[in-house]
Amino acid sequence: MTCETTQSQGHSRHESEPARAAKDTSSRPLLIACLLLLATVPTGCDQDAVPLFDKDGDAVPVGMDCDDNDPGIQSRYPDNDGDGFGAGNPLGACTATTGFATSGEDCDDDNPDIHPGATETCNGLDDDCDGQTDEDVSNTFYLDDDSDGFGLDTGIITGCVAPAGYTETGGDCDDDDPDIYPGATETCNNLDDDCDNQIDDGVALMLYRDQDGDGFGVDTETTKSCDTSSGWTDRSGDCDDTDPATYPGAEEACDGNDNDCDEDIDEGAFTSFFFDGDGDGFGVDGTPIESCTSPGNGFVTDGAECDDDDPTTYPGADETCDGRDNDCDEDIDEGAGRIYYLDRDEDGFGDAATAAVFCETPADAGYVLTTGDCDDNDPDIHPGVTETCNGLDDDCDDLIDEGLQSHWVFPDNDQDGYGDTSGARLTCEDGTYTLANYVPYRGDCNDADASVYPGANDPALGEDKDCGGTDGGDPFVTPAGEEQDARAHTSPGSQRTAPAGAAPTAGKVYDNIQSAIENASDGTIIWVAPGTYYEFGIDFQGKAIQVMSIAMAGDTVINGENDGGGDAPVVTFETEETNDAVLDGFTITNGSSSLGGGISIFNASPTIRYCTISSNSAIRGGGIRVLGAAPDNTQAVLSNILVSNNVAQTDGGGIYVKNASPILSNCVVWNNTAADGGGLYLEAAGGTLENTIVAYNQADNGGGIVITESLSGQTIQMRYTAVTGNTATKGAGGGLVFASGALATLENSVITNNVSSVSGGGAHMESVTVDIGNCVFGNNDAVSGNDIFFGEDCSAKIINTIFVSNADQFAISDTGAPFATISYSDVFPLALDGLPEAIVLGDGMRSEDPDFITQGIEATIVIPHLALSSTLVDAGTPDAHDPDGSPNDMGCFGGPLGDGWDLDGDGCPAWFWPGEASDAPPGLDPHSYDTDDLDPLANPCEQ
């Protein structure tokens, strides 16, 4: 089929082609546009005909088709968002395909979700490019005034996003109640809670008519409702709805009615009445009469009578000693008779274990009313008897030979009257407790040769006959006025007479100690006979000599009384003496000085042992003053000394130390007085206190010990120390004061029974660093902090320690900073949550009764051991063990140092395991440990 066309008008068919071409040049663009328009506008042509200007029939007209001869090649449109639809002008080239699309109908080529054919969503955009926005996709929203998620079916709006106060779910039947909505739980409230047009469906109660208002209704009149306010109840079973006292569960009354509606009448309401034959108000528990009222006179309601014929016998009656059970408790005469004790040895005191009650003295002989006998087989042992020196507890006070003066004795194998010093033992002054072959004098340097002893004739023949340390005659001292034979004197106050023997070498016997020192050379031992020496200002003159008594301190006294009022200690070491200068076995008394009333040590380091420093006075250091050390850097050694009853006006009633680090071992510092540091005052010092007792001292501040500052950063070490019974009368620290930068460790020690009038009954700490391990604090008392008061700038680390004061073991200053950390320790009886917040509690804390067993010295010093049953056994820090290899015990005998206690200085350490000595761990001999470390006579190591 062909198309008909009309010839173009306006041109002469006779014009030349060039002329026409020139005339048509200006109209070519218009011609092209018209051709393009014809290519897209339908004409009157047959539908099967190929458009005049789309030669390849791909529906893309010429001018838009980059190749109108190939229907498979079409123009491309830029596709910026990669959704397969382009926009803008087509690309004329036919080669580019990536980033282009064959369609140019995209209405937003920057959004891949918007293109022809996309799904329309409710977002305010024309997603499918059809010229319409959000058609057919708007949401319906319902007004929700009660915010229960459901709205009324009225007040509907449409949109894409719900406005405030609207919801997508309708169906609410009460938009003022948030508990009412479709699907809500129906409750019994006369409302349609779930909006299903039914009220209380499935939850209405079965109600029973309750006319008497007792809360129970009859079963015969019922209704279903939720309203119980007007004569209806949900509890049934009332058997009498006219009586409000009758209903299920009511108390049954004895009135002939079934009050509790259980079909039984008066059950359990009857009273049991018993016949009382003797009129004492009690009847016999036989067959009682059950009744609502008493049967009459002679009946009572108590049937516990045991004898209804005796009006004096009834429950609660006074028991009389008549062989009858007066109070009906099945015991006869209990508490009515007297307690008697069997007295086997007929000393008037019975054995408490044999107590028995009798109404009168037993016919059998041997019973007494007094008990307390601790050995009922020995008539000489009982309470009140005079204690004798026999190794026994004669007066049954749990103390042996108390109050009797002890005396050292020494083994004398060659019978020359002098014993071997190394075998020293204690016995009693009266000599009734004797040891075979022991004598009261020491110093024999050859106990197999009777011609060798202190003071013997020494002719300088190559052997030290007089035990003076050198060959030839050495100084020997005997009191003025005594015979020059040093061994022929009688000791003052004693009945012991020294053995007879040859006099010492002529010219070597002196009547005063100072003269002997002046005539001695280094290495010499000066032996001093028993007696009292009235000297003061004794000066060792820098010599390396030993001044030793032959009869120890109990019989050898240096009395420093000075009627002239001079100011000098009894003994001085002020010429750089070292440890080779020794003072051994003396009582130093009645000295008076500014510094060191008994002994003054200045820039020296002597050895002082087995001495008693008593009743001296000074401004500082009533008993002993230690200032500085010897040039060889050794330190003074104080061992086995008693420092007692000394007085200092200011510091250190017993001992004052400054700029020195002395070693104190097996010492007793007892009953001294000062303004500060009743027992010891350590200022800018170091040193060691070991196996030392500091007891019953008194001061304004620091009753027992004051430690202030430290010497060149040294740490003062205290171990196996008992600080007990000390008092700070006006200030802090009943037992201990740590102050002003002191560094100290306190290990395996006991701090008990100390008192402060202000703070820190056991210890007061201020501006110090203190480590405490395996100790016991107990029964200390203060206004603030019975055991320890922690002041400002105080740092304390406490482990494996027991605190057993009655209350308020700890107190702190008001700064609130952490003052101490405590771990693996026991605080009793306070609860741990009652401790001050500034105390940091670590692992392993307990609040339990430690269960102590004790040993004592004159009932004044208590060293607490844990019983085997104690929960604190093996409860210490797991990173340490006891000496027997078992886990660490809490307390003073726990930890690796637990077996180092030797307070009595007998060379036998105290037992460290819990329990008795027989409870020693496997492989350890119980006799190798001291069962009483406060009595040198109790020495199992020698058994």
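Analyst: Searching the whole structure turns up 7 disulfides, a disulfide being a pair of cysteine sulfur atoms within 2.5 Å. The model is predicted, so local features need pLDDT of at least 70 and side-chain atom pairs count only at pLDDT 80 or more, while totals for chains, interfaces and linings use all residues. Residues are numbered from 1 along each chain as its sequence is written, and side-chain values use heavy atoms, with hydrogens and water left out.

Take Cys122 and Cys160. A disulfide joins them, with an S to S distance of 1.7 Å. The link of Cys122 and Cys160 is left-handed, with -90° about the S-S bond. Cys122 lies in the loop between S2 and S3, and Cys160 in the loop between strand S4 (157-159) and strand S5 (166-167), so the pair ties together parts that are 38 residues apart in sequence. Strands here are DSSP runs (E, at least two residues), as are helices (H or I, at least four), numbered from the N terminus. Cys122 is partly exposed, at 23% relative accessible area. Cys160 is also partly exposed, at 28%. The classes are these: buried is under 20% relative accessible area, exposed is over 50%, and partly exposed is in between (1.4 Å probe, protein chains only).

The loop that holds Cys122 also holds Asp126, between strand S2 (100-101) and strand S3 (139-143). Asp126 counts as buried, at 18% relative accessibility. A polar atom of the Asp126 side chain lies 3.3 Å from the backbone nitrogen of Asp130. That is a polar contact: a pair of N or O atoms within 3.5 Å, where within protein one must be able to donate a hydrogen and the other to accept it, and residues adjacent in sequence count only if both atoms are side-chain atoms. Leaving out residues up to four places away in sequence, Asp126 touches Cys107, Ile114, Glu120, Gly131, Gln132 and Thr133. Contact means heavy atoms within 4.5 Å.

Next, Cys173 and Cys195. Their disulfide has an S to S distance of 2.1 Å. The link of Cys173 and Cys195 is left-handed, with -85° about the S-S bond. Cys173 lies in the loop between S5 and strand S6 (205-209), and Cys195 in the loop between S5 and S6, so the pair ties together parts that are 22 residues apart in sequence. Cys173 is partly exposed, at 41% relative accessibility. Cys195 is buried, at 16%.

Then Cys445 and Cys467. The S to S distance of this disulfide is 2.0 Å. The torsion about the S-S bond of Cys445 and Cys467 is about -85°, so the disulfide is left-handed. The pair links distant parts of the chain, 22 residues apart: Cys445 is in the loop between strand S17 (438-439) and strand S18 (476-477), and Cys467 is in the loop between S17 and S18. Cys445 counts as partly exposed, at 45% relative accessibility. Cys467 counts as buried, at 3%.

Cys775 is in no disulfide, and the nearest cysteine sulfur, that of Cys892, is 8.0 Å away. Cys775 is buried, with 0% relative accessibility. Cys892 is likewise in no disulfide, and the nearest cysteine sulfur is that of Cys775, 8.0 Å away. Cys892 is buried too, at 1% relative accessibility.

Now the chain around these links. The protein chain has 3 helices and 62 strands. Of its 943 residues, 45% count as buried. Among contacts with a separation of 6 or more, 56% come from residues 24 or more positions apart. The accessible surface of the chain comes to about 43,500 Å², and 48% of that belongs to carbon and sulfur atoms. Accessible areas come from the Shrake-Rupley method with a 1.4 Å probe; for residues, only the protein chains shown count as cover.

Some strand pairing, briefly. Strand S9 (residues 271-275) pairs with strand S10 (residues 289-291) in the antiparallel sense over 3 bridges. Two strands pair if DSSP finds at least two bridges between them. Thr271 stands opposite Ser291 in S10. S9 is also joined to strand S11 (residues 299-300) by 2 bridges, and S9 and S11 run antiparallel. Phe274 has Val300 in S11 as its bridge partner.
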